[in-house]
Amino acid sequence: MRAVSFVSRLEFVFKGNVSKNAVCLGDADNDNVYELVIGNHLGDMAIFKGDASEAWLEAHDLGMIMVLVVGDILNEGKNSIICISGEGFCHIFEITNESLLGLRILESERKNLQPFHTQKLPANTKVALLADVDNDGELELVLGLTDHVLRTYRWVRLNNQNPNDFSGKLVGLHKLELGDQIGSISLNPSGDGTPYILVAQAAGTYISFQCCDVQDEDGDSSVGLKMTTPVHHPLASSRMRSRIVTSEILGGLHGTYNGEPCDSLIVVATLDGTLMLVHEDETLWSFQVDHQLFSIAKLDLNDDGEEEVIACAWDGQTYMVNQRKQSVRFQFEHSVSAFAAGKYGVSPGNNMPALVYVTYNNRIYVYYDIMLPSFPIHSFLEKTEQHPEISALLPQFPIDSNNKQHLADLYSFCLYGIPSDLIRNEGEAEAEVDI
């Protein structure tokens with residue numbers, strides 16, 4: 001497997017233990033530039049912006065932060081920060097970019113950002129997803145708990161008359177109890193575009209179901225919400241695994257399936273080092289490594305319109321695999337407690353694909369120049385075939401351009417000045433003399 005090196009990186013200092021889902025990349029202040037948001041078990045949350053070495057904004061006393069999400073939780077066209085602690089407190093922050101960029105903000109305000117809403121939810125949340133799960137045009141918050149329970153919530157405004165009044169609350173919609181520990185939650189579109197919720201289960205399996213509105217008999221109005229019957233997808237390779245091996249899942253991977261564009265590919269990773277590309281119940285390929293994979297993400301790393309899979313292990317080993325199972329690896333030099341991949345605004349107006357590593361020594365490293373020109377390794381002959389100007393010059397030489405050996409001899413002469421057949425003859429002559 002080919003190894004790559006990334007050298008363009010930023011280093012931030014952030015003290016405390018960080019849960020694997022307590023770091024995310026997103027446009028926290030709605031200025032079209034992506035920031036890094038991170039929280040620790042001490043209740044401290046920090047927002048890093050651009051290449052500044054110190055945190056731009058901070059918040060404290062938030063409990064044992066387990067999950068951070070950036071998105072339009074209010075369904076009003078602007079992003080907020082959702083911070084959920086292990087004790088069950090959900091804090092929502094609204095950042096007004098115009099006031100924070102001015103000189104009027106005090107240092108005390110910058111170092112102690114206050115949430116506009118705090119609400120008590122069930123404790124022990126470990127993973128969250130903010131997405132339109134019922135295809136109604138509004139985002140819902142999906143929470144996975146350590147007690148095998150999945151819940152969905154929607155923000156409901158209490159005062160619809162005043163747009164500047166943020167009073168509201170998260171209202172519970174669904175609850176589902178699962179048989180195994182929840183690894184991660186993702187969304188995947190069906191053939192008709194309606195979304196499915198995917199929940200990773202132990203041993204490389206997953207559960208899929210839909211949330212939908214129940215219409216009245218006339219079809220004029222909604223009478224309630226319901227979940228479809230959950231479907232268990234065992235996948236063939238799960239029979240060879242222990243039931244205690246945790247899994248991660250990521251849906252909505254954009255690529256091709258049977259030669260047609262497809263945005264419903266699924267990636268499944270397990271702690272025992274298996275990475276799988278799946279379409280419904282069909283495993284397209286399986287990739288085995290000797291590292292414990294705990295986090296997966298997707299990015300288009302070579303700008304070809306297809307998203308690659310990025311899988312990170314606890315020891316920092318990172319695998320980047322395209323949909324044809326061609327892979328490269330990057331060895332980060334430290335063990336990591338959390339990992340994220342997405343876009344980060346290194347400078348204003350310049351959101352770049354980035355990898356984020358959170359270490360155990362109070363450091364965060366952001367690698368931002370990670371675009372790869374090519375995944376597979378090509379031979380010199382393959383690369384020359386891609387240049388028509390070289391093909392136009394070949395008829396000028398007394399060789400058969402369709403003969404690979406003739407081309408190799410020609411390129412050897414052009415590069416080294418000695419025909420390859422003479423090199424072989426000299427070697428054979430020396431061998432005969434030695435005998």
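Me: Under the definition by which buried means under 20% relative accessible area, exposed over 50% and partly exposed in between, what is the relative accessible area of Arg324?

Reply: The model is predicted. Arg324 falls in the intermediate class and is partly exposed. For Arg324, the value is 46%.

Me: How many residues apart in sequence are the parts that the pair Arg324 and Glu306 ties together?

Reply: The side chains of Arg324 and Glu306 meet in a salt bridge at 3.4 Å, N to O. Arg324 lies in the loop between strand 27 and strand 28, and Glu306 in the loop between strand 25 and strand 26, so the parts tied together are separated in sequence by 18 residues.

Me: Which residue meets Glu248 in a salt bridge?

Reply: Glu248 counts as buried, at 9% relative accessibility. Its partner is partly exposed, with a relative accessible area of 23%, and the N to O distance is 2.5 Å. Glu248 lies in strand 21 and the partner in the loop between strand 2 and strand 3, so the pair ties together parts 228 residues apart in sequence. The partner is Lys20.

Me: Why is strand 16 largely enclosed by the rest of the structure?

Reply: Strand 16 spans residues 195-201. Strand 15 runs antiparallel to strand 16 and is joined to it by 5 bridges, while strand 17 also pairs with strand 16 in the antiparallel sense over 5 bridges. Strand 16 is largely enclosed because, of its 7 residues, the number buried is 6.

Note on methods: Residues are numbered from 1 along each chain as its sequence is written. This is a predicted model: local features need pLDDT of at least 70, side-chain atom pairs count only at pLDDT 80 or more; totals for chains, interfaces and linings use all residues. Side-chain values use heavy atoms; hydrogens and water are left out. Buried means under 20% relative accessible area, exposed over 50%, partly exposed in between (1.4 Å probe, protein chains only). Helices (H or I, at least four residues) and strands (E, at least two) are DSSP runs, numbered from the N terminus. Two strands pair if DSSP finds at least two bridges between them. A salt bridge is a side-chain nitrogen of Lys or Arg within 4 Å of a carboxyl oxygen of Asp or Glu.
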